[in-house]
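Hi,

Here is the structure I said I'd pass along. Have a look at it first, and then read on for what turned up when I went through the charged side chains.

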Amino acid sequence: MRLAFIVMLPFLGAVLPALLIRFGRNACAIATASVTLLAFGLLLSHAPAVLRGEVIQFGWQWLPALGLNATFFLDGLGLLFAGLILGIGLLIILYARFYLSQKDPMGTFYAYLLLFQGAMVGIVLSDNILLLVIFWELTSLTSFLLIGFWRHLPEGRQGARMALAVTGAGGLALIGGMLILGHVAGSYELTVILQRADLIQASPLYLPALLLILVGAFAKSAQFPFHFWLPHAMAAPTPVSAYLHSATMVKGGVFLLARLWPVLAGTEAWFYLVATTGLVTMVAGAVIALFKDDLKALLAYSTVSHLGLMTMLFGLGTPMAAVAGVFHIINHATFKAALFMNAGIVDHETGTRDIKRLGGLIFLMPITATLAMVAGASMAGLAPLNGFLSKEMMLEEAAHTFWAGNFWAVPVLATLGAVFSVAYAFRFIVHVFFGPKRQDYPIAKPHDPPVGLWLPPALLVALVVLIGLFPEIFAGTLVRVTAGAVIGGPVPAFHLSLWHGVTPALILSIVATLGGLLFLWRYRNLRALWRVGPHPEAKTLFDATVGIAVRGSRALVHGLHNGSLQRYLAFLVGAALVMGFVGFIGAEHEPGTRDTLPANAVVLVGWLLLLGATAAGVILHRQRFLAVIVTGVVGLMVSVGFVLLSAPDLALTQISVDVVTVILILLALYFLPKLSPAESGTWRRIRDGALAALAGAGIGALSWAVMTREFTSLSGFYLEQAKPGGGGTNVVNVILVDFRGFDTFGEIIVLGIAALAIFALLDGALRGGAASRLAHWSPDMPQAADRHPLIMVVATRVMLPLVLMVGAYIFLRGHNLPGGGFIAGLVVAIGFILQYMASGFAWAQKQMHVGYDAMIGAGVLIAAVTGIAPMLLGYPFLTSAFGYFTLPVVGQFELASAMLFDAGVFLAVLGAVMLALANLSRMGCRVATLPVNLTPMDCQPDARNAADRGRC
């Protein structure tokens, strides 16, 4: 359980800084640090077991049918990465407290940081690869918020968009690769997948899965050609750069390569794709970094280079290379996070990150300079620091690697990358901190910052030194356990030490160091060559690509999406016809074996009326009133068909819905002209008619094919289980409130949302410019002189209690006889609608003392509570219960919990209909040309009642 809590704790704790910022910046920072510290403590509580070689697992079944389960596991690799995420996260929280200015919304920053932290921890601890992908995409979204935190800066907004576009697109590729991988392995659990390497690599889907997964990993870890997004993300605040782009997010892709190493590595495809990409990225990033003048840009490209180094090591596919890759992950996180924070200190105290405007800071900022020199020397790979150890291991593996039969290509290029690494590391140190003091710093007198800014990098620099001097003590066990998790088998024997004798790696390291110093000495000459040489700007290429995509998308959208519903329906129906026709001609067909029912004269007359009403609807569709009438006839004939086919519940529902719909549409037509405009030309009418005829013929043929063939149905199960399982003999109602109650619950929510949407639309018509136009509107039809016929008023008043009684009767009998909450709601709604029609909307609305929106909410709430109650007793959601009871006089009767659920349906349906009616009434009140009547009968209203018109 603690594993899941470690993952969820940052998400839950993200609300604390947003709330506590009102109590001050210290309270906000302490709350944020407490969340991360608690998660870190829980992680460390598992560390002894993991370092002994144990694997901690926890999870529960979520959607097992889809293979999506909330499962987590902690091994050496997960412990290393989760430790980096949470441990460095603590230092970043402290650093950010003193780095962010008073103008920066610190609560928002810390909330974003914790959300990102939780997503990263979720990636490294997930056992289910689908869950891993979810967290993977969450890191892209939360990093977008962090990179664009300074939203007032154009470069910040663009860097955030670029990062989201590249890493998000890579995430889409990763989804496809993970789905293929899980399909091939027969499981989506990592602990299972990692045991099936032979099965996966023997599959013909291995290469497609590998390519898709590598695209996702390379995009996240800024590998060539996706490297360009990382430097532009440096527009983020320095704490973000130090956290996301040196220690956590960009290592997500490297983590994925390490995690899937046991099942994907060891093939030629893996070697050439991964090792080559890493080697190219390592060299290209190092070369570009040397010529960057912005401190963070230099560090960003150096990060790209070191990520390429790690990718190359895992791509080599040998166990010892994997050990070296694991060790460099630790070392890079320590010195690079320290260097990023150091660059932030320089920017914070001098007002610039431009190397050309810096120099001589060792005399003004000795603490900062010391920390930078140690961390920079480790980045250069100098002894006796930790960067030297992992660089030696990298060069040792490169020296024994053949690429396409060539023995020198990999060692030469790896050494070249190391040469440039030394050069840019020493440029960072020498050009910023050495040389004469300047008099033109943007801030007059730079000095070392408060302890809150230099202490976090100092702790990391201490680790740089301790791991370098005592590697076996401070990193040996962790490296072995982590490497064992990566390799998935025995770890080769190795000993972390500063001295292994004179080896090829040592010789290459000396060459790299001397070459780097030579490059720094001749930097001006190299800079001149760099300026005249071709080096395309990735940002320009990205902007051009995005521009082309945007223009193409707009052309496509504007060509298809022109606002014509007829066009959309034409495409939709046409595509369905093509797919249906292709499916029809691509299969064999046999005639049906089921006999058809005889058609007597009554059925034939009903069918002809249905056809006639349908044809009349097409012909008379421009005459709105007649079109609604013939539509009602169609609904009535469908109801008769349900009666004929022994479906009384469906018939009652159809009639009720049809009556309510027709009445509401007729009321809405009051605000529309009698005739619809002629919008279609001859060619469009021919096209639409042909599509309609073909679609109708296709649906008819499909219905005929289904009904004339034998098939199995769930109806038998429902018929058998309605009484013993649901306690009712009305199978339709039992299905709605019991077997398929969750569907019904969703439907009443949708119905409520639709009613609220109608309210919002009509409410908008009563405000602003629409309201002024409505005030001058007049109907294009003559108004009746007798607005409220007395006979109709009296009849509807008498009918109302009868309607309510019928509604109650239909509701109560619904579980065993045709009826139920849905039909009862419609019947009662019809009774209220008649009051509005007979006595006028103003009088009827005045009598109603219930909020219809509250009625909808109450219905949904009652249905939800009815569903949740069984969960308290250990049963699934919406499990119903029923029983039979006996009372004197009354006799035996049944009580079922489904009745409460049905009551919720009743209220939601009634509220939705009445909310639509009430808003139509408000519009009618606003446009009424005669005084509004608030008295019970059609009496002459006095001045007081007439004044009430404005309150409708």
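Let's start with Arg259 and Asp75, whose side chains meet in a salt bridge, with N to O at 2.8 Å. Arg259 sits in helix H13 (residues 251–259), while Asp75 is in the loop between strand E2 (68–74) and helix H4 (76–99), so this pair ties together parts that are 184 residues apart in sequence. Both Arg259 and Asp75 are buried. Keep in mind that this is a predicted model.

Another one joins the side chains of Arg427 and Asp293, at 2.7 Å from N to O. Here Arg427 belongs to helix H21 (residues 409–433) and Asp293 to the loop between helix H15 (268–290) and helix H16 (295–316), so the pair links parts that are 134 residues apart in sequence. Arg427 has a relative accessibility of 2% and counts as buried. Asp293 is buried too, at 13% relative accessible area.

Then there is Asp347, which forms a salt bridge with Arg353; their closest N and O atoms are 3.5 Å apart. Are these two buried or partly exposed? Asp347 has a relative accessible area of 19%, and because the cut-off for buried is under 20%, Asp347 counts as buried. Arg353, at 22%, is partly exposed.

Cheers

Terms used. Residues are numbered from 1 along each chain as its sequence is written. This is a predicted model: local features need pLDDT of at least 70, side-chain atom pairs count only at pLDDT 80 or more; totals for chains, interfaces and linings use all residues. Side-chain values use heavy atoms; hydrogens and water are left out. A salt bridge is a side-chain nitrogen of Lys or Arg within 4 Å of a carboxyl oxygen of Asp or Glu. Helices (H or I, at least four residues) and strands (E, at least two) are DSSP runs, numbered from the N terminus. Buried means under 20% relative accessible area, exposed over 50%, partly exposed in between (1.4 Å probe, protein chains only).
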